[in-house]
Amino acid sequence: MSLWVDKHRPSSLNKLDYHKDQATLLKKLVNGGDFPHLLVYGPSGAGKKTRIMCLLRELYGSGVEKLRIEQHNFTTPSNKKIEISTISSNYHIEVNPSDVGIQDRVVIQELIKTVAQTNNLDSSQKDFKVVLLTEVDKLTKDAQHALRRTMEKYMSTCRLILCCVSTSKVIPAIRSRCLGIRVAAPSIDEITQILQTVCKKEGCPIPTELAKRVAEKSKRNLRRALLMAEACKVQQTPLKPDQEVSEPDWEVYLRETANMIIQQQSPRRLLEVRGRLYELLTHCIPADIIMKGLLQELINNCDGELKTEVVQSAAFFQHRLQLGQKAIYHLEAFVAKFMAIYKRFMEENIADLF
Amino acid sequence: MHPFFKPREAGTTSKDPKSLEAAGSGKGGKSKQKHVPWVEKFRPRSVDEVAYQDEVVAVLKKSLEGSDLPNLLFYGPPGTGKTSTILAAARSLFGAEMMKLRVLELNASDERGINVVREKVKKFAQTTASGTRPDGKPCPPFKIIILDEADSMTAPAQAALRRTMEKESKSTRFCLICNYVSRIIEPIASRCAKFRFKPLADQILTERLQEICEAEKISYDKESIKALIDSSEGDMRKAITYLQSVARLKGDEEVTEADVFEIAGVISDETIDVLIKVCHSNSYEKLEKKVQEVMFEGHSAAQIITQLHDKTVQLDNLSDQQKSVICEKLAVVDKCLMDGADEYLQLMALFTTMMREICR
Amino acid sequence: MWSDNESSRDSVVDLTDSPPLKTKKRKRDTFTSKPVPKKASSSQWVTSAFGDFDDFAGFGSSMQPAAKTKQSKLVTKPLSQCPPRTNVSKRPSYEDELWSDKHTPKSVSDLAVHKKKIEELQTWLQRHLNSKSMRSPMVLLTGPAGAGKSALVQVLAKELNCELKEWSNPIAAAYDELSFLDRRNNWSDYSRVEGSYSSSQLSQFQQFLLRADKYNSLDIFGNGTQGKIILVEEFPNIVYKDATSFHDILRKYSKVGRCPLIFIISDSSSGESNERLLFPKHLQEELHIENISFNPIAATTMLKILTKIATEEAAHGMHKFSVPSKAVIESISMSSAGDIRGAINALQFACLKDTHDLLPTTSKGRQSKKKTSGETSKSKRAGNKSSADSDSTLAAIGGRDTSLFLFRALGKILYCKRDDPSNHPGLAKLPPHLGEHERDPLSLNPEDVIEKCNLSGDYFNAYLHQNYLEFFSEISDVVRASEYLSDSDFMTFEWSTRSILEEYASSIATRGMLHSNSSRSKHSSTGSGLGWKPLHKPQWYSTCKTERQNCETARHLFKSYACPPDVLQTELVPFLSLIDVTLHDPGQISFINEITKFSNVKIRSEKLDEKDLVVDKDSQGTGTSGETVWSNKMEEDNISNSQSKVVTEEMEEEEEYEITEFDD
């Protein structure tokens with residue numbers, strides 16, 4: 001039994017639930033049997049990958065759905081071995097080069113070279129393969145330049161589809177060589193509707209009210225919405241309109257942490273918070289997500305002008321966190337800063353009362 | 001099928017003719033012309049066709065008449081015809097056939113490193129050049145080396161180049177192409193005849209784009225041409241590339257303004273206006289919601305910042321001081337984004353600053 | 001007596017408080033007061049010291065570097081007490097065995113390892129020796145060097161009457177060198193050679209595993225061993241390069257092998273352990289490899305064993321030597337950071353006739369403290385300092401590395417001593433609007449402190465960060481301190497300039513830290529307050545390690561879902577735990593259970609629990625008996641020694657404890 005997200009993923013461009021105009025355009029694009037390099041971007045859970053897979057299916061037929069996981073080994077110039085796993089069919093290969101960290105350049109160069117040179121396309125009439133690179137925005141600049149050169153070099157035997165959240169971190173040289181496809185997040189209504197159809201298919205109709213709540217809680221992330229709905233189903237069937245929407249444990253934990261910060265502002269409390277931050281980090285929650293989550297929870301407890309100040313410092317420390325090596329310094333500095341701001345605010349308020 | 005989206009500079013690199021041929025022959029001679037990148041297809045064939053750069057063209061033509069060329073340094077914003085000009089000049093000097101032998105084009109960002117450049121330049125410069133064409137017509141007895149993006153060469157590489165320039169001056173002419181002349185070291189700049197390329201006027205761009213549309217039988221409206229010009233910022237190459245993408249995506253349908261903006265990743269004016277307006281509300285909640293919405297649309301923060309900057313500078317209801325505060329924050333945020341900071345947080349930091357300034 | 005105290009105080013000064021200039025001056029004073037001509041005797045000492053080392057080939061080679069670096073300090077010892085030694089070569093040469101080998105534990109009772117760990121391994125062995133399960137049993141022992149892992153295996157094998165087969169790398173090292181030479185001459189040739197060589201080493205390893213399992217050694221003597229245990233402590237070099245083929249061998253073994261297979265990996269101090277490479281989590285799960293991790297030997301146990309060895313040696317010792325005093329043994333066990341092998345080596349060195357000459361300083365220093373304990377605080381201090389001196393001396397000989405003063409250095413920064421401004425007459429006042437930044441002059445130079453503790457600035461910052469919160473009372477101060485830490489990290493983000501900026505970064509952090517603690521801004525406020533606080537090792541490194549491990553495991557286990565890591569970790573995995581999807585892989589199930597569980601207990605103490613046996617003892621508080629305090633203190637040291645950084649010195653605030661403890 002697979003997850004609803006996978007099970008109900010549309011497999012052809014015709015079946016997509018939203019951005020239908022775009023789907024028709026895409027269809028037209030590949031109908032010629034060819035397409036330029038694509039740069040697909042949009043927020044997480046908007047359906048970028050789904051769209052790409054639909055596109056490939058349109059192009060190559062159902063053969064692209066026969067996937068296999070492979071391990072590829074590369075040797076860097078410094079003789080270090082790196083290993084990366086890919087998902088591929090006969091027609092395309094999907095890889096997340098940022099998996100290997102700073103060695104991503106080697107993967108880009110070698111992998112695309114291999115793909116471009118092994119021209120073993122069997123039954124299909126297409127004379128190019130597709131390389132799907134995910135998280136292009138996480139690539140190092142070095143790798144992006146390598147990618148740009150590779151794009152020129154192997155244009156005749158392979159097409160690249162690049163997938164990323166934002167184009168801000170993609171160098172202009174790459175952007176200008178690709179046809180940009182923006183995939184906006186589905187609206188709340190769209191998500192609600194999809195949830196209802198999926199749940200119906202699963203035999204446990206979801207009340208509109210609950211569907212709407214799930215959609216709102218998912219922050220317009222369809223994948224999350226579907227996961228949440230499924231978790232709700234596990235929690236209680238049949239689904240009730242006033243049911244609580246399940247959340248992942250780490251979010252609950254993060255909220256508790258935020259509440260701790262609100263309750264008390266002292267070095268001792270900060271120490272406790274630090275322990276919890278460490279706990280979150282060991283559970284693989286990325287530091288910038290912790291930062292954003294904390295901000296989201298904390299800001300609800302603030303007044304207007306305070307919010308501005310808090311957001312500014314969050315942006316400040318998040319930037320450092322991105323560059324620095326010890327995320328905890330910056331997370332902690334942010335929490336300390338918030339504590340100070342909040343404490344001052346509370347004291348002023350109390351002073352006003354008297 | 002032919003590769004549709006030839007890389008931007010591909011047509012101008014030396015290996016390009018080969019790759020074009022290879023691709024073409026592989027396709028069993030399908031309508032070859034049709035899928036060539038338009039940037040190549042509509043590149044000016046002769047110096048006269050080069051749009052808008054009258055002074056440059058005039059000077060260049062003079063020296064062409066004398067069948068001699070000094071070392072050249074072309075500089076100016078991207079897409080103003082620098083590469084086109086030198087290629088056109090070379091064609092008129094050598095003819096289409098000889099050009100392959102006589103012109104070497106090096107893309108500095110492709111083949112980095114002093115040694116590679118030096119090696120290639122040396123090898124090429126050492127081949128002899130006779131004073132006649134195969135068809136018997138006279139042609140100048142020298143070769144041309146085009147160094148594209150010369151400003152991305154390191155200073156040591158440029159210094160090394162200077163030596164080579166002196167050594168091979170008898171048989172070779174260099175043409176350096178760059179965006180910023182200030183990044184070329186003085187000894188090299190002083191050895192070249194400098195030509196500045198002006199940003200293209202909208203009028204020129206419009207004409208050119210319309211020509212192409214006619215030739216390619218694209219249905220378009222005025223707004224879409226305007227949108228193309230706006231989003232390409234005077235860069236002809238960009239404009240043509242966008243046009244081709246749009247045409248490709250839309251097929252036979254009419255190209256609209258929205259399509260162009262979509263391809264170029266430009267955010268609609270309304271969206272930016274709404275963002276500025278919400279800053280007037282002095283409500284954090286409203287601002288947060290709006291920014292989130294824009295982010296959910298998948299727009300890139302960098303783009304928002306660029307456009308916001310253009311808008312802010314023109315806003316009438318802000319004092320200079322307010323503007324300067326906002327612009328400073330814009331700069332900081334841009335740097336942070338370059339460093340890979342979170343887009344949402346940076347945008348919020350920017351807009352809260354803006355809100356504070358406006359509602360002061 | 002007088003010279004003892006004088007010299008020891010001198011050396012303390014050298015190591016800590018005042019600027020180096022001053023120290024030199026005083027040192028010179030001490031020297032001039034010595035009756036023995038400085039030059040001659042010192043050179044004599046140095047040469048004889050090396051003669052000593054030569055006598056102990058194996059021993060010497062391991063200790064020499066440390067000794068060399070500390071030579072200068074040895075020279076500053078009271079030279080009058082160093083009798084002119086002449087005939088080094090006449091020393092009897094029978095003492096050629098290392099005590100650490102000689103006193104290898106013979107039975108379980110001799111072992112210094114914690115009882116629970118012994119039991120754990122013992123039951124594991126018994127279970128797997130007897131059962132005839134299909135899967136071959138494997139166990140992985142990890143822990144710092146000298147925690148007694150190998151000894152434990154040896155003893156248990158003996159006790160269970162098993163044959164212990166140990167893999168040792170084939171002596172192909174010479175060949176390796178040869179091929180290295182080849183490389184210079186002929187690249188292609190080399191690659192061929194290397195290929196065949198590496199494959200041969202791996203296949204040898206494989207053969208060893210499979211054969212050791214199959215063929216019983218000829219039972220000529222009929223001593224009827226019960227079974228066989230295979231021990232791999234040394235890994236073929238090639239596996240580090242090519243972990244996957246090593247994994248394949250293990251998989252093969254797990255199918256065919258029958259006897260228990262024990263792997264031992266010592267934690268390296270660099271933090272990046274081979275464990276992750278050779279035995280990644282998913283492999284451990286796949287092959288059911290159990291992992292028993294060992295802690296450093298507890299200080300009390302260590303003390304016991306050292307004393308026992310010392311007395312034994314005194315009884316049987318062939319050469320002249322006297323039993324070292326309790327204090328010496330204590331300081332040895334302290335400086336060894338739970339490394340029993342190192343401690344025994346140090347003990348051996350300390351017990352030698354010649355080095356022994358050093359030690360009266362130590363013991364007398366302790367005694368003097370006993371005497372003065374009831375007297376004025378000034379003499380108390382002197383006594384305390386002399387003990388510090390002895391620690392540093394011995395640790396220089398037997399300690400794991402030279403960063404002895406971390407604990408102290410941290411204390412100096414965190415307790416933030418300030419001078420009385422009246423001692424600094426020329427001091428300018430800040431203008432009134434900056435009044436809140438007014439601070440009394442520091443009594444130390446932070447850069448000196450950092451330099452002395454021999455840690456990279458980055459690392460020192462991590463220690464500071466772990467501990468600074470305890471010393472702050474105002475959140476507004478914390479804001480500034482934490483910002484300085486953030487600054488220091490931010491400064492070093494670019495690797496190209498890191499080496500230059502690192503120093504400044506740590507300066508910023510330490511100075512910022514000192515300045516922002518406003519409660520300790522005045523000379524008068526720094527003397528009192530606070531009280532003694534335990535210091536802790538940074539959690540950051542272990543957090544990072546676990547995080548990396550978990551991320552890798554997640555990626556490996558869920559690669560069929562093909563989503564980016566962020567999505568996987570924050571969405572997919574957490575939700576999978578909420579959804580009753582049938583997962584096929586037991587690894588996935590256990591991982592999900594593990595990763596989505598958040599503990600609400602106090603994380604701080606839990607973290608310390610991992611390496612140290614401290615926590616339970618710690619909660620007992622400081623008992624009345626000197627013994628408890630001592631052990632507590634020792635444990636604290638262990639805590640503060642991440643990565644085997646040795647701490648020998650207590651903080652001044654702790655004086656009271658220290659004194660009571662020697663009073664018994």
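How many helices and strands are there in chain C? Chain C has 32 helices and five strands, where helices (H or I, at least four residues) and strands (E, at least two) are DSSP runs numbered from the N terminus.

Before the close-ups, a word on conventions: this is a predicted model, in which local features need pLDDT of at least 70 and side-chain atom pairs count only at pLDDT 80 or more, while totals for chains, interfaces and linings use all residues. Residues are numbered from 1 along each chain as its sequence is written, chains are lettered from A and ligands numbered from 1 in the order in which they are written, and side-chain values use heavy atoms, with hydrogens and water left out.

**View 1. Chain C as a whole.** Of its 664 residues, 50% count as buried (under 20% relative accessible area; exposed is over 50% and partly exposed in between, with a 1.4 Å probe and protein chains only). Chain C exposes about 31000 Å², and carbon and sulfur atoms supply 54% of that area (Shrake-Rupley method, 1.4 Å probe; for residues, only the protein chains shown count as cover). Take the contacts (heavy atoms within 4.5 Å) in chain C between residues at least 6 apart in sequence: 79% of them join residues at least 24 apart.

**View 2. Ser203(C) in its helix.** Look for Ser203(C) in helix α9 (residues 187–214) of chain C. Ser203(C) is partly exposed, because its relative accessibility is 32%. Its C-alpha atom is 9.9 Å from that of Phe246(C), 43 residues away along the chain.

**View 3. Where chain B meets chain A.** Here 52 residues of chain B and 47 residues of chain A take part in the contact. About 4600 Å² is buried between the two chains, 53% of it from carbon and sulfur atoms (the accessible area, 1.4 Å probe, that two parts lose on being put together, summed over both). Five salt bridges are counted between chain B and chain A (a side-chain nitrogen of Lys or Arg within 4 Å of a carboxyl oxygen of Asp or Glu). A salt bridge also joins the side chains of Arg220(A) and Glu297(B), at 3.5 Å from N to O. Helices that each supply at least two residues of the chain B side include α10 (236–250) and α16 (343–358). The largest share, nine residues, comes from α16(B).

**View 4. A nonpolar patch on chain A.** Ile350(A), Leu353(A) and Phe354(A) make a nonpolar surface patch of about 430 Å² (residues with over 30% relative accessible area and no salt bridge; like charges are joined within 9 Å, nonpolar side chains, Val, Leu, Ile, Met, Phe, Trp and Tyr, within 5 Å). Phe354(A) lies in the segment after α14 (327–353) of chain A. Phe354(A) counts as exposed because its relative accessible area is 83%.
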